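Dear colleague,

Please find below the structure for your records, together with its sequence. My findings follow it.

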Amino acid sequence: MPSDYQLMLASLDKLADQNVDIAPLVSQQFMTTDSVDLQVYADGNALQLEYMVTKVVEMLLFFAQGNPRQTELSYYDVPFHDDLGVTWPMYEGYMQVMLSVLQNVLGDAWDENTARAWHKQTDAMLKVIRQHIQPLSA
Ligand code: HEM
C-alpha cells in the first residue's frame, strides 16, 4: 500500500502530465466561497496568493512525511495571517476548495486512497493551525 506521501506525489505528477497548475484555480475559486472575507483576500497580491497554494501543498507533503514544520506554521504563517485578518473558517474553506479542485482536475485518479491521503494531511495541518490561531480570530 503506497504511503500518503507517495499518493500525493502521484497526484502532483498527474497534474504535471496534464499540464495543470492548480494555483490560479484554487485562488480564484476561493474568492467565490462564503467563508472568505473578500476584503482580506482582495488585499493580497495575486502572485503571492498563487504562491501560497504552492506553499500549502509543499507543507502538506512535509506533513505526509512526518515532518510537519510546526514551527514555521506557529511562529510565522499563522501570526502573519492573524495580522491580515484571516479567520478559522477561512482556513477550513481554503482547504475545502483545494481538495475540490484536486478532485475535479484529477478525475479518475482521485481514487479512494488518494482522497483519504489528502484529506488526512489537510486535517492534520488544520489541527496545527487551529492550535496556534489567535483566540480572537478563531
Ligand atoms: C492554509 C494555510 C495557509 C498557508 C500555509 C499560507 C501561506 C502563505 C504564505 C507563505 C504567504 C506569503 C507570505 C509572504 O509574503 O511571505 C501568504 C500570503 C497571504 N495569505 Fe496565506 N496561507 C494560508 C491560508 C490563507 C487563507 C485561508 C487566507 C484567507 C484569506 C490567506 C490569505 C493570505 C493573504 C491575503 C496573503 C498576502 C498576500 C500578499 O502579500 O499580498 N492565506 N500565505
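Helix α4 has 19 residues, which at 1.5 Å a residue should span 27 Å; its end C-alpha atoms are 28 Å apart in this predicted model, in agreement with that expectation. The buried residues of α4 are Val53, Val57, Leu60, Phe63 and Ala64. Viewed down the axis of α4, these residues fall within an arc of 120°, so they line one face of the helix. On the face turned away from that buried side, α4 carries the exposed residues Leu47, Gln48 and Glu58. The cover over the buried residues of α4 includes α1, α2 and α7. Just after α4, glycine 66 takes a positive phi of about 80°.

With 19 residues, α6 reaches 27 Å from its first C-alpha to its last, close to the 27 Å expected at 1.5 Å a residue. Its buried residues are Met90, Tyr91, Tyr94, Met95, Val97, Met98, Val101, Leu102 and Leu106. Seen down the axis of α6, they lie within an arc of 155° and therefore line one face of the helix. These buried residues pack against α1, α2, α4 and α7. Glycine 107, with a positive phi near 55°, follows α6.

Tyrosine 91 is one of the residues of α6. Is tyrosine 91 buried or exposed? It counts as buried, because it has 21 C-beta neighbours inside 10 Å, and the cut-off for a buried residue is 20 or more. Leaving aside residues up to four places away in sequence, tyrosine 91 touches Val86, Leu126 and Ile129. Tyrosine 91 and glutamine 131 are 40 residues apart along the chain, and their C-alpha atoms are separated by 13 Å.

I turn next to the nonpolar core. The largest one has 23 residues, and those with the most contacts inside it are Val26, Tyr94 and Met98. At least two residues of this core are supplied by each of α1 (4-17), α2 (22-31), α4 (46-64), α6 (88-106) and α7 (112-132). Which helix provides the largest share of this core? That helix is α6, with nine residues. Methionine 98 touches Val26 and Val56, again not counting residues up to four places away in sequence. As general background, nonpolar side chains tend to be buried together in soluble globular proteins.

Two backbone angles deserve a remark. Most residues other than glycine have a negative phi. Asparagine 19, although not a glycine, has a positive phi of about 60°. Asparagine 19 is found in the loop between α1 and α2, and it counts as exposed because it has 6 C-beta neighbours inside 10 Å. Arginine 69, also not a glycine, has a positive phi of about 55°. Its place is in the loop between α4 and α5 (70-84), and with 17 other C-beta atoms within 10 Å, arginine 69 is partly exposed.

Finally, a word on confidence. The chain averages a pLDDT of 89, and 95% of the residues score at least 70. Among the elements of the chain, α1 has the highest mean pLDDT, at 97, whereas helix α3 (residues 38-42) has the lowest, at 72.

With kind regards

Notes:
Residues are numbered from 1 along each chain as its sequence is written. A nonpolar core is a set of buried Ala, Val, Leu, Ile, Met, Phe, Trp, Tyr and Cys residues joined through C-beta atoms within 7 Å. A residue is buried if 20 or more other C-beta atoms lie within 10 Å of its own, exposed if 12 or fewer, and partly exposed in between; C-beta atoms are placed from the backbone. Helices (H or I, at least four residues) and strands (E, at least two) are DSSP runs, numbered from the N terminus. Two residues are in contact if their C-beta atoms, placed from the backbone, lie within 7 Å. The expected span of a helix is 1.5 Å times one less than its number of residues. The arc is that of the directions from the helix axis to the C-beta atoms. pLDDT is the predictor's confidence in each residue, from 0 to 100.
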